[in-house]
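Please keep the sequence and the model in view while reading.

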Amino acid sequence: FLLTLFFVRNVPGFPFRDPVVFLDKTCINQESPVHVRQGVEKLAAFLRNSSEMVALYTDVYLLKLWTVYEVAAFLALGHPIKRMKVLPTMQAMIFFLAVSVF
């Protein structure tokens, strides 16, 4: 699954050449508060070009200011709430396990 997620867009003839997934935890440098701030400042650009948002929810998700900002920005940019999916992390783990088995 992860190989497909990260490398399928490099396959000749595949219709999507641009990244189709933005994982904030991996796409925003987490090494220092300065790097996190710089990444968060650019979130709106990614969200503006997104058609959907999937949030993997944990009990600390809404305790982090930048994740609250991410949700608010997605909705403030005019995306309908039906284009936002919130999944508990356990449900996401079950999904990824099922996909990796098949």
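Tyr61 counts as buried because its relative accessibility is 11%; buried means under 20% relative accessible area, exposed over 50%, and partly exposed in between, with a 1.4 Å probe and protein chains only. The model is predicted, so local features need pLDDT of at least 70 and side-chain atom pairs count only at pLDDT 80 or more, while totals for chains, interfaces and linings use all residues. Residues are numbered from 1 along each chain as its sequence is written, and side-chain values use heavy atoms, with hydrogens and water left out.

A search of the whole structure finds one aromatic pair. Tyr57 and Tyr61 form this pair, with 6.0 Å centre to centre and 55° between the planes, which makes it tilted. Rings of Phe, Tyr and Trp (its six-membered ring) pair if their centres lie within 6.5 Å; planes under 30 degrees apart count as stacked, over 60 as edge-to-face and the rest as tilted.

| Residue | Relative accessibility | Class |
|---|---|---|
| Thr67 | 5% | buried |
| Tyr61 | 11% | buried |
| Ala44 | 17% | buried |
| Tyr57 | 35% | partly exposed |

Helix 5 covers residues 65-76. Helices (H or I, at least four residues) and strands (E, at least two) are DSSP runs, numbered from the N terminus. The 12 residues of helix 5 should span 16 Å at 1.5 Å a residue, and its end C-alpha atoms are 16 Å apart, which agrees; the expected span is 1.5 Å times one less than the number of residues.

Which residues of helix 5 are buried? They are Trp66, Thr67, Glu70, Val71, Ala73 and Phe74. Seen down the axis of helix 5, these buried residues fall within an arc of 165°, so they line one face of the helix; the arc is that of the directions from the helix axis to the C-beta atoms. Leu65 and Ala76 are exposed on the other side of helix 5. The buried residues of helix 5 pack against helix 2 (24-27), helix 3 (33-41), helix 4, strand 1 (53-57) and strand 2 (84-88). After helix 5 comes Gly78, with a positive phi near 95°.

Leaving out residues up to four places away in sequence, Thr67 touches Tyr61 and Leu62, where contact means heavy atoms within 4.5 Å.

The largest nonpolar core has eight residues: Leu47, Met53, Ala55, Tyr61, Val71, Ala73, Phe74 and Met84. Such a core is a set of buried Ala, Val, Leu, Ile, Met, Phe, Trp, Tyr and Cys residues joined through side-chain atoms within 4.5 Å. Strand 1 and helix 5 are the elements that give two or more residues to this core, and helix 5 supplies the largest share, three residues. Val71 touches Met53, Tyr61 and Met84, not counting residues up to four places away in sequence. A second, separate core of five residues includes Ile28, Val36, Val40 and Leu43.

In helix 3, the buried residues are Val36, Gly39 and Val40. Seen down the axis of helix 3, they fall within an arc of 100°, so they line one face of the helix. Helix 4 and helix 5 are among what covers them.

Ala44 lies in helix 4 (residues 43-48). Beyond its neighbours within four places in sequence, Ala44 is in contact with Tyr69 and Leu77.
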